[in-house]
Amino acid sequence: MRARYGLPLKVTAGITAAGAAGLIYAAGFEARSFRLRRVTVPVLPPGMRPLRVLQVSDIHMVGGQRKKQRWLRSLAGLRPDFVINTGDNLSDPEGVPEVLDALGPLMEFPGAYVFGSNDYYGPKMRNPARYLFEKARGAYGLNGNAPAVGVVHNPWEDLRDGFDAAGWLNLTNTRGALKIEGMEIAFTGLDDPHIKRDRYARVSGGPASGADFSMGIVHAPYLRALDAFTADGYPLVLAGHTHGGQLCIPFYGALVTNCDLDTDRVKGLSTHEAGGHRSYLHVSAGCGANRYTPVRFACPPEVTLLTLTPRPSENRISPTAAGPLK
């Protein structure tokens, strides 16, 4: 017997079963299969001791996610020198207490943060194919699209107050610095480019002259932000937002980045060039997902421990750049 439109019923049933199995795997296993990824970045000035930086991004906390909360609390055992939170902590207006509880042990360490769009606004149910349409149009978030209507406003002020009370630096379109064992680590941060809240003109001018090391922090790795940081001579930029593509094709990779960054750099360590400089870029794949699409495939949730090490002294590299263009 054949199905009405020509496919054998066994084939149709097989496709349906495979799709259901993939969805169960993506939502029930991989989205909860949390990983710690370790990356070494040779970016510090020669002679400086290595720094261990824990980057947490895109938690997208929803009430009741106990396994995620336990895992995040356990990361304090890594004893990082400092923590960088690159935003999108929420996917539930009621999730602030659970975020602060999950990150509580990490807030015992020095840290800094920027927010993403999902810290400010609650997610809406949307057709996942829209990400492909936006890629084709070159329009993402509020960049080239109509303003959002009827969005839920999250209590981001409570999240900010909790981070600030722990001593974490708020890098919303501003600069800041941490003292780590006598070293001054400087940061320049941007608000989220995905919703056009970035104001680089307020923080332009390059790395802090008196700091031992400077880095840029932003939620969404839009090219305008990466170009500005790199052209100003920042040796390292940290970002999140992309979810590593979230639904990837095995042996191929991501289809979208949800911004204008190319898919080859959707997650992990790469470089970026602008204005005669080259910076290292690290994009976290994040450890959560939008509450309406709580799935990940071929892209497990992650937090990254970056070990920053001195760059080779034999390389003739500007002290304020990862590398000069040749």
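In what order do the six strands of the open sheet run, and what is the pairing? I looked this up before anything else. The order is 1-12-2-3-4-5, and the pairing is mixed. I noted strand 1 (35-44) and strand 5 (169-170) as the edge strands, each of which pairs on one side only. I kept in mind that this is a predicted model.

**Entry: the chain as a whole**

I counted seven helices and 13 strands in the protein chain. The chain has 326 residues, and buried residues make up 51% of them. For the accessible surface I have about 14,600 Å², with 56% of it belonging to carbon and sulfur atoms. I then took the contacts between residues at least 6 apart in sequence; 76% of these join residues at least 24 apart.

**Entry: one strand pair**

I went back to the sheet to look at strand 2 and strand 12. Strands of a sheet pair through backbone hydrogen bonds, either parallel or antiparallel. Strand 2 (residues 51-56) and strand 12 (residues 302-310) pair in the antiparallel sense, over five bridges. Within this pair I picked out glutamine 55, whose bridge partner in strand 12 is threonine 304.

**Entry: salt bridges**

How many salt bridges does a search of the whole structure find? I got 14. I went through three of them.

Arginine 49 and aspartate 81 meet through their side chains, at 2.9 Å from N to O. This pair links distant parts of the chain, 32 residues apart. I found arginine 49 in the loop between strand 1 and strand 2, and aspartate 81 in the loop between helix 2 (66-74) and strand 3 (82-85).

Arginine 160 forms a salt bridge with aspartate 161, and their closest N and O atoms are 3.1 Å apart. I listed arginine 160 as partly exposed because its relative accessible area is 24%. Aspartate 161 also goes down as partly exposed, at 38% relative accessibility.

Aspartate 262 forms a salt bridge with arginine 265, with 3.0 Å between the closest N and O atoms. Aspartate 262 is partly exposed at 33% relative accessibility, whereas arginine 265 is buried with a relative accessible area of 14%. I also recorded a network: salt bridges that share partners join Arg49, Asp81 and Glu181.

**Entry: asparagine 127**

Where does asparagine 127 lie? I found asparagine 127 in the loop between helix 4 (117-120) and helix 5 (130-137). At 45% relative accessibility, this asparagine counts as partly exposed. A polar atom of the asparagine 127 side chain lies 2.9 Å from the backbone nitrogen of alanine 129. I also checked asparagine 127 against threonine 293: the two are 166 residues apart in sequence, but 9.7 Å apart in space, C-alpha to C-alpha.

**Entry: a nonpolar patch**

Which residues make the nonpolar surface patch of about 520 Å²? I have Leu132, Phe133, Ile249, Tyr252 and Leu255. I followed up leucine 255, which is found in the loop between strand 9 (236-239) and strand 10 (268-274). Its relative accessibility is 32%, so leucine 255 counts as partly exposed.

Conventions. Residues are numbered from 1 along each chain as its sequence is written. This is a predicted model: local features need pLDDT of at least 70, side-chain atom pairs count only at pLDDT 80 or more; totals for chains, interfaces and linings use all residues. Side-chain values use heavy atoms; hydrogens and water are left out. Patches are made of residues with over 30% relative accessible area and no salt bridge: like charges are joined within 9 Å, nonpolar side chains (Val, Leu, Ile, Met, Phe, Trp, Tyr) within 5 Å. Accessible areas come from the Shrake-Rupley method with a 1.4 Å probe; for residues, only the protein chains shown count as cover. A salt bridge is a side-chain nitrogen of Lys or Arg within 4 Å of a carboxyl oxygen of Asp or Glu. Helices (H or I, at least four residues) and strands (E, at least two) are DSSP runs, numbered from the N terminus. Buried means under 20% relative accessible area, exposed over 50%, partly exposed in between (1.4 Å probe, protein chains only). A polar contact is a pair of N or O atoms within 3.5 Å; within protein, one must be able to donate a hydrogen and the other to accept it, and residues adjacent in sequence count only if both atoms are side-chain atoms. Contact means heavy atoms within 4.5 Å. Two strands pair if DSSP finds at least two bridges between them.
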